[in-house]
Amino acid sequence: MDIGVISKRYAKALLQYAQEQNAEDTLYNEAQQFIATCSALPEYVHTLSNPLLKPAQKEELLCKAVASGPCSAVFRKFAALVVAHRRESYMLFFAHSYIRLYRQYRHISIGELVTAAPVTPEVSKRLEDWIEEQSKYSTDVIMHHEVNPDLLGGFIFRIDDYRLDASVATQFELIKKQFIEKNKRII
């Protein structure tokens, strides 16, 4: 059984149903909360797979993972469907696939900027504006910033499937490889 195919199918059906119910934004937030809960409590996913739990208990566990209060009717219905088909152990994959599809649907890109020193908010804003200008369609950009002193200088920028590595550490590594290759020919 291919988990990727299953999760895409369930997520696609969930997104279509959420669009019909005008609840795709709510479901997006609940999927993010579910992933956060599973990250904070890794044993949570194993608990969902427990065959001793009754289906109603599993549905309730799924709903409690997404909200401190009651979860949305769309999520509750989806949880019931997942439990009925005994796919609760794949729920984390479904949530990740739903988030990916939602971001494609809303044209949201996730960018990551890793620098050797903290960047100013002005630089960050200019980068976000540039990405939006370069985009084929209007895109919202969510930027994550990370400081890694091991880069020595420069930056690493990732957005979706694109990666630009302009760090000093990488440049030194490339020079080192070239130097070693040239010296192998001499010896």
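Helices are DSSP runs of at least four residues, numbered from the N terminus. The model on screen is predicted.

Start with helix H7, residues 121–134. Select aspartate 129 and lysine 125: their side chains meet in a salt bridge, 3.2 Å from N to O. The two residues are four apart in H7, so about one helical turn separates them. Aspartate 129 is partly exposed at 28% relative accessibility, and lysine 125 is also partly exposed, at 47%.

Next, select glutamate 24 and arginine 106. Their side chains form a salt bridge with an N to O distance of 2.9 Å. Glutamate 24 belongs to helix H2 (residues 24–40) and arginine 106 to helix H6 (residues 91–106), so the bridge ties together parts 82 residues apart in sequence. Glutamate 24 is buried, at 9% relative accessibility, whereas arginine 106 is partly exposed at 31%.

Move to the strands. Arginine 158 and glutamate 112 form a salt bridge, with their closest N and O atoms 2.7 Å apart. Because arginine 158 lies in strand E3 (residues 155–159) and glutamate 112 in strand E1 (residues 108–115), the pair joins parts 46 residues apart in sequence. The count of salt bridges comes to seven.

Finish with helices H4 (residues 55–66) and H5 (residues 73–84), whose axes come within 9 Å and cross at roughly 140°. The two helices are therefore oblique to each other, and the crossing is right-handed. Residues in the contact include Leu62 and Cys63 from H4, and Phe75 and Ala79 from H5. By class, this contact has eight nonpolar, no polar and four charged residues.

Terms used:
Residues are numbered from 1 along each chain as its sequence is written. This is a predicted model: local features need pLDDT of at least 70, side-chain atom pairs count only at pLDDT 80 or more; totals for chains, interfaces and linings use all residues. Side-chain values use heavy atoms; hydrogens and water are left out. Axes are lines fitted to C-alpha atoms, for helices over the stretch in contact, and angles run from 0 to 180 degrees between N-to-C directions. Angles under 35 degrees count as roughly parallel, over 145 as roughly antiparallel, 65 to 115 as roughly perpendicular and the rest as oblique. A crossing is left-handed if the near helix is turned anticlockwise from the far one by less than a right angle, and right-handed if clockwise. Contact means heavy atoms within 4.5 Å. Ala, Val, Leu, Ile, Met, Phe, Trp, Tyr, Cys and Pro count as nonpolar, Asp, Glu, Lys and Arg as charged, and the others, Gly among them, as polar. A salt bridge is a side-chain nitrogen of Lys or Arg within 4 Å of a carboxyl oxygen of Asp or Glu. Buried means under 20% relative accessible area, exposed over 50%, partly exposed in between (1.4 Å probe, protein chains only).
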